[in-house]
Each structure stands twice: as structure tokens, then as C-alpha cells.
Amino acid sequence: MPEPPAKEYCSTTEAAQRLGLSLGTVQQMVENGQLEGWKTAGGHRRIRISSIEEFRARAMAGGGQSQARASGALQILVAEDDRILQKLYEHTLASWGLPVQLRMVSSGIDGLIEIGRVAPDLLITDLRMPGIDGFEMIRRLRADQRLQELDIVVVSGLTEDEIRENGGLPADVILYGKPVPFRELKGYVQAKIMALQRRGRAL
């Protein structure tokens, strides 16, 4: 199969630079069909530039992250594939009356993409999700030197044995069981807000 014109395609490295994401995340996006790509006879991945631009356009239309940062609210990203729990998170956090800005994703790959665009102050995630699950997402986040300080809270229905069988969690990740313990989460969020206020960030 002859290679298409080079101007229509780019390497995984260039795609990652264009999107501001890691190589692994871009590779997973190709495998999931979120980006259009193929492999050369030598095993090198080529990604269609038009699909990168289309993805960037969709991402920019998806929400005002720059406005969210400017608002000074505590940025919380929730990764949860259960639609009912998503609504529960939205309604409950809104009822707290705290200066928080909530974003929601349904999978680990979407979580990595969102964090690559704008890193939150706090990630709340399930472990069992389609595609890249919570375990893999957390491993990739902790492997990124820029995200070592990201606070991560796991809310999962898995037992401690099941979590260990899947490789466990980093020692600095807070683990809660389901049903979602909103009282404990509220206390954690309030403490996070107070800590940021003490460091001089306006909320």
C-alpha cells in the first residue's frame, strides 16, 4: 500500500504535541477510533491531521475551561461511567454551595484528555470503566512528573482484595467504597478549599 502524501498525516509524536497529550494517550485514541490513523510497513503510526484538527475543534467547543480557571473555583473532575451517579454528583455538589467547578467524563481515556487540556485540583474516579479503566488512568497520571501533586480520590465498589489483584493504588490516593460517601467528600473538598485559600489562591 503506497504511503499517502506526508502533508495529510503526521507522527504520533507530532500529534501528541499538537494536542498537548502524552504519546500513550494519543495511541489509545487511535485504537479507540477517536483519531484516524494507520501503521506503515515498518510499524510506524501515521495520524490524519484533519482528524486531529476536528478533535481539537470539538474539544474547544466542549466547554470554557479558560473561563472556569478564571472564575477561581476549585476544579473537580469526576470520572464515572454510570449516568445515574453522574447526575447524583452534579446535583449533590451543586447543593453544597461551595466554590467548585465540576467537569464529568465517562472513561479513563476521556479523563486523561481532560486533564491534559486543563489539570483539575481534584480528581474523583471510579475504577471499573470502559477502555482505559481507573487503575490505568491513575498509573499514567502518577507517571507524569507534571501531575505528581494532583489529588486523587477513588470511589469504587471493588473490594480491597480485588484492588490488590489489579495492581493496587498509590499510597497517596484516598479510597472510599460505594455508595458514594458525599458527607466525607464534602469535608475533603472543604479542607481542600481552605488549604488553597491559605496558600493565597482566591476562591
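Student: Is Glu 53 buried, partly exposed or exposed, and at what relative accessibility?

Tutor: Let's start with the scale: buried means under 20% relative accessible area, exposed means over 50%, and partly exposed lies in between (1.4 Å probe, protein chains only). Glu 53 counts as partly exposed because its relative accessibility is 34%. Keep in mind that this is a predicted model, where local features need pLDDT of at least 70, side-chain atom pairs count only at pLDDT 80 or more, and totals for chains, interfaces and linings use all residues. Residues are numbered from 1 along each chain as its sequence is written, and side-chain values use heavy atoms, with hydrogens and water left out.

Student: Which residue forms a salt bridge with Glu 53?

Tutor: In general, side chains of opposite charge can pair when their charged atoms come close. The rule here asks for a side-chain nitrogen of Lys or Arg within 4 Å of a carboxyl oxygen of Asp or Glu. Glu 53 meets Arg 18, with the closest N and O atoms 3.2 Å apart. This pair links distant parts of the chain, as Arg 18 sits in helix 1 and Glu 53 in helix 3 (residues 49-61), 35 residues apart. Helices (H or I, at least four residues) and strands (E, at least two) are DSSP runs, numbered from the N terminus. Arg 18 counts as partly exposed because its relative accessibility is 29%.

Student: How many salt bridges does a search of the whole structure find?

Tutor: The search finds 15. One of them joins Glu 90 to Lys 87, with 3.8 Å between the closest N and O atoms. Both residues lie in helix 5, three residues apart, about one turn of the helix. An α-helix has 3.6 residues a turn, so residues three or four places apart point the same way. In another, the side chains of Arg 146 and Asp 144 meet at 2.8 Å, N to O. Arg 146 is exposed, with a relative accessible area of 67%, whereas Asp 144 counts as buried at 18%. There is also a network of salt bridges linking Glu 8, Glu 36 and Arg 48.

Student: What is the strand order in the open sheet of three strands?

Tutor: Strands of a sheet pair through backbone hydrogen bonds, either parallel or antiparallel. For two strands to count as paired, DSSP must find at least two bridges between them. The order in this open sheet is 1-3-2, with antiparallel pairing. Strand 1 (9-11) and strand 2 (37-39) are the edge strands, each pairing on one side only. Three bridges join strand 1 to strand 3 (residues 45-48), and Ser 11 has Arg 46 as its bridge partner in strand 3. Helix 1 (residues 12-19) packs on this sheet, touching strand 1 and strand 3 (contact means heavy atoms within 4.5 Å). The direction of helix 1 makes about 95° with that of strand 1; axes are lines fitted to C-alpha atoms, for helices over the stretch in contact, and angles run from 0 to 180 degrees between N-to-C directions.

Student: What order do the strands have in the open sheet of five?

Tutor: Here the order is 5-4-6-7-8, with parallel pairing. Strand 5 (100-105) and strand 8 (174-177) stand at the edges with a single partner strand each, so one side of each is left without a neighbour in the sheet. The twist averages 20° from one strand to the next. Strand 4 (residues 74-79) and strand 5 pair over six bridges, and Gln 75 stands opposite Gln 101 in strand 5. Helix 7 (residues 134-143) packs on the sheet, touching strand 4, strand 6 and strand 7 (151-156).

Student: Which residues form the aromatic pairs?

Tutor: Rings of Phe, Tyr and Trp (its six-membered ring) pair if their centres lie within 6.5 Å; planes under 30 degrees apart count as stacked, over 60 as edge-to-face and the rest as tilted. By this rule there are two aromatic pairs. Tyr 9 and Trp 38 are edge-to-face, at 6.0 Å centre to centre with 85° between the planes. Both Tyr 9 and Trp 38 are buried. Tyr 89 and Phe 182 are also edge-to-face, at 5.5 Å and 75°.
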